[in-house]
Amino acid sequence: MARFNKLHAAAAALFLLMALVVPFIPSDYLFDAILTPMLAISLAALGLNLLAGYAGQVSLGSAAFMAVGAFTAYNCLLRVPGLPLLVDLGLAGLVTAAVGVFFGLPSLRLQGFYLAVSTLAAQFFVQWALTNFAWFSGGDTSGVITTPPLFIGPMAIDSPVRRYLLSLLIVAALTALAVRLVSGRAGREFLAVRDHELAARVLGVKILRTKLFACAVSSFYIGVAGALWAFLYLRTVEPAGFDLDRSFEILFVIIIGGLASIRGAFLGAAFIVVLPLLLSRAGAAVFGSTFDSGLVDIVEKIILGVLIIFFLRVEPAGLSALVARIRWQHITRSRTVETSGSLT
Amino acid sequence: MSLRKHLAGAVFAAALAGLGAPAAQAQTPGTQYFPLQSYRVGPYAAGGTGFFGGFIDYMNLINLRDGGVNGVKLSWSECETQYIVEQGVECYERMKNSNPPPSAWNPLSVGIAYAMIPGITADKVPLITIDHGRTDSTDGAVFPYVFPLLMNPYSETSAIVNFIGSKVGGDQNLGSKSIVVLYHGSPYGRETIPIYQLLAQKYGFKLQQIEVPDPGTEQEAQWLEIRRIHPDFVVLRGWGVMNPVALKTAQKTGFPANHIIGNVWSNSEEDAKPAGDAAKGYIALTTQATGTSYPVIQQIESTVYAAGKGDMADKSRIGSVYYNLGVVNGILNVEAVRIAQAKFGDQTLTGDQVRWGFEHLNLSPDRVKALGAAGLFHSIDVTCSDHEGHGLVTFQQWDGTQWHRISDWIAPDWALLRPIIEASANKYAAQNGITPRDCQSQVASN
């Protein structure tokens with residue numbers, strides 16, 4: 001069904017590069033501080049993009065679903081001895097999907113801004129529940145969870161490269177699944193619901209089922225992303241780390257990356273996660289000793305803001321559309337060259 | 001391939017190389033290096049600028065006055081965290097491979113400290129959480145690299161109850177009293193809930209613990225509840241903007257400020273001053289006294305600031321609570337290095353060697369006096385099994401413009417707390433597959 005075109009080949013090549021070449025770069029910093037969090041944010045953004053970009057249901061509860069995933073993964077691992085890590089991550093996704101469907105119920109009646117506001121309920125409720133019931137954090141009164149040692153079979157996931165590779169494999173597998181999903185019937189139904197609900201209903205799309213399915217799939221992805229964030233990146237998690245700011249961050253990732261686009265989630269995450277680090281590293285290297293670090297930080301924020309405005313001005317449809325346009329120009333230009341060549 | 005593609009490839013490669021390159025910033029070789037995860041912007045900048053300002057000023061004093069620690073100069077670099085955990089972790093990753101290697105980490109953030117524990121334990125570099133942090137990391141057998149110096153949250157709780165006991169004429173009178181704990185709705189705020197319950201059982205006072213949701217800008221409901229309960233004392237376990245709002249709301253509901261006892265994160269000028277009149281008479285706990293009357297602070301002013309190397313943009317904050325905490329933190333770090341040098345030689349030490357210094361950090365009141373800090377803080381005695389170091393605390397009262405000490409140095413009830421700390425530490429050890437060290441044999445071998 002899925003056509004294997006040039007884009008897929010490029011994605012596969014990128015995956016091989018990231019899986020076979022990048023791990024040999026001898027830098028813990030690259031893995032622990034950049035690539036692993038970027039992969040987790042990409043996956044969460046991908047999940048949100050399925051819901052908001054494809055199915056048109058805006059959500060401000062992404063961080064809450066990440067928290068549900070993280071805490072589910074932690075509790076399953078703590079309470080079920082010998083549970084394999086991959087099964088645990090799957091469970092995290094499934095529980096989050098169930099929670100997501102519950103909080104997705106208002107989407108049957110509400111649209112647009114009203115729906116976005118109603119998803120805030122998820123954001124506040126989940127944080128409240130996780131902080132007020134010590135059971136969720138294994139009885140630790142401070143509510144901060146530390147992840148136990150992780151194993152896949154006999155192999156301990158204890159080095160930056162291993163944590164990165166595990167995230168990469170999970171994210172790649174789920175991305176491939178998402179590509180299949182959106183290029184198939186489900187993806188077309190999502191788009192139909194997004195573009196015109198009434199028309200979709202007339203065409204025979206089951207609105208209720210499609211919306212709840214979108215909520216479930218999206219939450220599954222975000223839940224797994226939350227578990228990756230907690231287990232493979234921070235390795236300690238408190239509910240406060242999944243606040244509204246994180247939900248906004250993920251929303252910005254898909255807006256900047258491009259709505260209704262798979263690669264948009266990755267481009268956006270790269271922009272939001274990596275660019276501030278590059279700026280901050282450059283700032284520290286150039287001004288580190290002369291200016292106070294707070295001032296440098298503020299200047300970086302200003303530059304980042306200007307860049308965001310610039311990109312959105314140049315390409316309101318996001319980085320994904322920008323990439324597509326560059327590619328298109330490249331194709332048309334090479335065609336022109338070919339034609340003129342044949343004339344002479 | 002188009003030029004643009006080449007360019008894009010080059011930019012990508014450069015970015016990857018730039019980020020992946022050993023993250024060490026150029027440090028002066030042969031120095032003792034301290035990576036500082038400071039926060040000078042964001043909602044908690046008042047604490048960050050004061051604390052790290054005091055810390056840096058003290059290290060500058062050691063370099064300028066003494067030429068370093070036994071000839072080894074101190075060096076440091078800052079990385080802005082904004083008190084955000086992810087940024088703090090990124091700073092840690094960025095600075096951990098520096099050359100010379102990090103001596104110790106001082107993030108001054110519970111969240112960042114928690115996230116760094118697995119990493120620094122693997123790196124063998126100590127993590128200092130002065131006056132805060134994971135309470136059970138006091139048990140050095142399970143947490144060899146974590147040091148909640150001077151005071152952990154449980155000790156703080158016990159000291160506050162002891163102080164209230166002294167206010168009502170002895171612990172035997174606590175039984176007839178009623179205490180409300182007003183705490184910040186965060187992991188930090190909740191950490192002491194079971195300890196207050198334990199102490200209420202022990203002394204028989206009536207206890208109610210009321211949560212204020214973060215950030216705590218609205219407290220009418222909570223203070224109406226307090227008025228209904230009519231307690232003898234309110235313990236304010238606040239953070240940031242919650243503190244002045246609590247004091248103002250207390251005044252509105254008619255609760256006297258001199259019966260509100262603030263904890264160590266509700267004890268700064270930045271907590272009391274914004275409340276104006278409402279704060280007059282407010283009492284708070286501290287591990288270090290305020291003011292500039294101590295020789296070490298005066299030497300900082302006369303040596304560091306005279307040379308134009310002072311870190312504080314606002315010089316009037318020298319001597320404030322956070323600033324003096326930074327200075328005390330500087331003293332503890334520098335003395336740990338000095339003690340470790342006595343064993344390993346006067347040279348640049350590794351993090352693990354500095355850890356040994358922290359584990360033998362014994363500053364008697366006489367030694368504190370020799371350091372010019374008599375009265376600034378009391379003393380400390382860290383051992384393998386006790387990473388807190390029996391720090392004493394004192395209480396101060398706000399007169400509308402500044403703090404005045406109103407109590408002697410008070411000791412928490414360590415014996416009561418120790419079994420709870422050990423139980424919690426052992427649970428952590430079991431969950432994380434850690435075999436606790438045998439501190440008895442450590443003592444014997446040294």
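## Exercises on helix packing and burial

Helices H2(A) and H9(A) run roughly antiparallel to each other (angles under 35 degrees count as roughly parallel, over 145 as roughly antiparallel, 65 to 115 as roughly perpendicular and the rest as oblique). The model is predicted: local features need pLDDT of at least 70, side-chain atom pairs count only at pLDDT 80 or more, and totals for chains, interfaces and linings use all residues. Residues are numbered from 1 along each chain as its sequence is written, while chains are lettered from A and ligands numbered from 1 in written order.

**Exercise 1. Find the angle and axis distance for H2(A) and H9(A), and sort the residues of their contact by type.**

Step 1. Locate H2 at residues 28-54 of chain A and H9 at residues 207-234 of chain A. Helices (H or I, at least four residues) and strands (E, at least two) are DSSP runs, numbered from the N terminus.

Step 2. Read the geometry. H2(A) and H9(A) pack at about 170°, with axes 7 Å apart. Axes are lines fitted to C-alpha atoms, for helices over the stretch in contact; angles run from 0 to 180 degrees between N-to-C directions.

Step 3. List the partners. From H2(A), they include A:Leu39, A:Leu43, A:Gly47 and A:Leu50. From H9(A), they include A:Ser218, A:Ile222, A:Ala225 and A:Trp229. Contact means C-beta atoms, placed from the backbone, within 7 Å.

Step 4. Sort them. The contact of H2(A) with H9(A) holds 20 nonpolar, three polar and no charged residues. Ala, Val, Leu, Ile, Met, Phe, Trp, Tyr, Cys and Pro count as nonpolar, Asp, Glu, Lys and Arg as charged, and the others, Gly among them, as polar.

**Exercise 2. How many residues of H3(B) are buried, and what covers them?**

Step 1. Count. In H3 (residues 85-95) of chain B, 11 of the 11 residues are buried, so the helix is largely enclosed by the rest of the structure. Buried means 20 or more other C-beta atoms within 10 Å of the residue's own, exposed 12 or fewer, and partly exposed in between; C-beta atoms are placed from the backbone.

Step 2. Name some. Among the buried residues of H3(B) are B:Glu86, B:Glu90, B:Glu93 and B:Arg94.

Step 3. Find the cover. From chain A, it includes H2, H9 and H11 (262-287). From chain B, it includes S1 (32-38), S2 (74-80) and H4 (110-123).

**Exercise 3. Which residues of H7(B) are buried, and over what arc do they lie?**

Step 1. In H7 (residues 193-203) of chain B, B:Ile195, B:Tyr196 and B:Leu199 are buried.

Step 2. They cover an arc of only 100° around the axis, which puts them on the same side of H7(B). The arc is that of the directions from the helix axis to the C-beta atoms.

Step 3. Recall the geometry. An α-helix has 3.6 residues a turn, so residues three or four places apart point the same way.

Step 4. The cover of the buried residues of H7(B) includes H5 (153-167), S5 (178-185) and S6 (206-213) of chain B.

Step 5. Check the end. B:Gly204 follows H7(B), with a positive phi near 80°.

**Exercise 4. Characterise the backbone at B:Pro100, B:Lys124 and B:Asp131.**

Step 1. B:Asn99 and B:Pro100 are joined by a cis peptide bond, with omega about 0°. B:Pro100 sits in the loop between H3 and H4 of chain B.

Step 2. B:Lys124 is not glycine, yet its phi is positive, near 60°. B:Lys124 lies in the loop between H4 and S3 (127-128) of chain B. With 15 other C-beta atoms within 10 Å, B:Lys124 is partly exposed.

Step 3. B:Asp131, also no glycine, has a positive phi of about 65°. The loop between S3 and S4 (146-147) of chain B holds B:Asp131. B:Asp131 is buried, with 27 other C-beta atoms within 10 Å.

Key
Contact = placed C-beta atoms within 7 Å.
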